[in-house]
Amino acid sequence: MSDSPAGRLQALFEGHRLTPTQRRIAHCMVRRAGDVAFLSSVELADLAGVSQPSVTRFAVALGFDGYPALRRHLREVAPAGEATASEGGEHNEYQQAVLAEIENLRHLAELLADPAPVERAGRLLAASRPLPVLGLRAASSQARGFAYFAAKVHPDVRLLDEGGSMLTDRIDATVRAGATALLCFALPRHPREVVEALEYARGAGLTVVTVAESAFAPVAAHSDLLIPAAVGTGLAFDTACAPMLLGRVLLEAMADELPDAQARLEEFDTKAAARGLFVE
């Protein structure tokens with residue numbers, strides 16, 4: 001965990017059993033790590049889309065007497081000099097959405113200061129033959145993009161991007177074929193069947209590596225290794241620049257663990273050139 005405002009907030013929340021509403025507040029606080037210590041309970045409730053009493057109950061769940069006590073603690077662990085000034089006042093809503101995504105990428109960069117989780121994920125994914133990659137609904141494009149590139153260096157990648165009653169059958173098929181790990185992309189809103197699929201996968205013996213918007217996402221309880229990457233919520237539909245970039249980082253870590261990755265890429269390039277596959 002990095003020694004940043006976001007990292008210290010993550011450490012504060014770890015070990016607590018939070019309700020979905022409380023996870024939403026925690027996620028909002030991590031996204032606003034630079035200035036959350038200076039927000040009132042009403043302001044935080046408005047940003048998180050919850051009620052003010054929910055913020056108070058959240059503070060109590062963390063072991064504080066109330067929100068003022070939590071805020072005093074946050075000011076002690078995140079001095080004013082670390083706060084980031086709000087940039088939204090002079091920008092339109094589209095610019096604000098872009099700036100929020102830039103901040104999400106900054107948080108991801110801070111997280112990656114400790115490369116151990118990503119390196120562990122790379123080893124798990126490289127060793128799994130086949131490698132199932134799960135992503136439903138909003139997360140299907142992330143899973144599909146990862147699987148497309150992963151197939152160029154990994155010998156057997158299986159995309160699971162459709163739900164329904166056959167999803168568990170497909171998980172069973174990967175286990176029978178020798179899979180040892182499953183990569184899941186899980187983004188809001190979280191389909192119930194993703195949570196159920198991860199629970200099933202772990203019960204079948206797979207090690208679950210998950211990319212989710214926060215460490216407090218509903219899928220966290222069913223993941224062996226969860227690496228968070230925040231989504232942008234400033235537009236009508238969430239934006240997922242950080243989860244997409246984290247997926248590419250995991251690809252790099254996995255490729256580093258595959259001794260023939262470079263040879264496979266060169267072979268693909270040779271065949272693509274012979275077929276005239278791309279326009280230069």
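**View 1. Asp35 and Arg32 form a salt bridge, with 2.8 Å from N to O.** A salt bridge here is a side-chain nitrogen of Lys or Arg within 4 Å of a carboxyl oxygen of Asp or Glu. The model is predicted: local features need pLDDT of at least 70, side-chain atom pairs count only at pLDDT 80 or more, and totals for chains, interfaces and linings use all residues. Residues are numbered from 1 along each chain as its sequence is written, and side-chain values use heavy atoms, with hydrogens and water left out. Asp35 is buried at 14% relative accessibility, whereas Arg32 is partly exposed at 27% (buried, under 20% relative accessible area; exposed, over 50%; partly exposed, in between; 1.4 Å probe, protein chains only).

**View 2. Arg144 and Asp161 meet in a salt bridge, 3.1 Å from N to O.** Arg144 sits in helix H8 (residues 140-150), and Asp161 in the loop between strand S2 (157-160) and helix H9 (167-177); the pair links distant parts of the chain, 17 residues apart. Helices (H or I, at least four residues) and strands (E, at least two) are DSSP runs, numbered from the N terminus. Arg144 is partly exposed, with a relative accessible area of 40%.

**View 3. Asp224 pairs with Arg202 in a salt bridge of 3.0 Å, N to O.** Asp224 is partly exposed at 33% relative accessibility, and Arg202 is partly exposed at 33%. The whole structure holds seven salt bridges.
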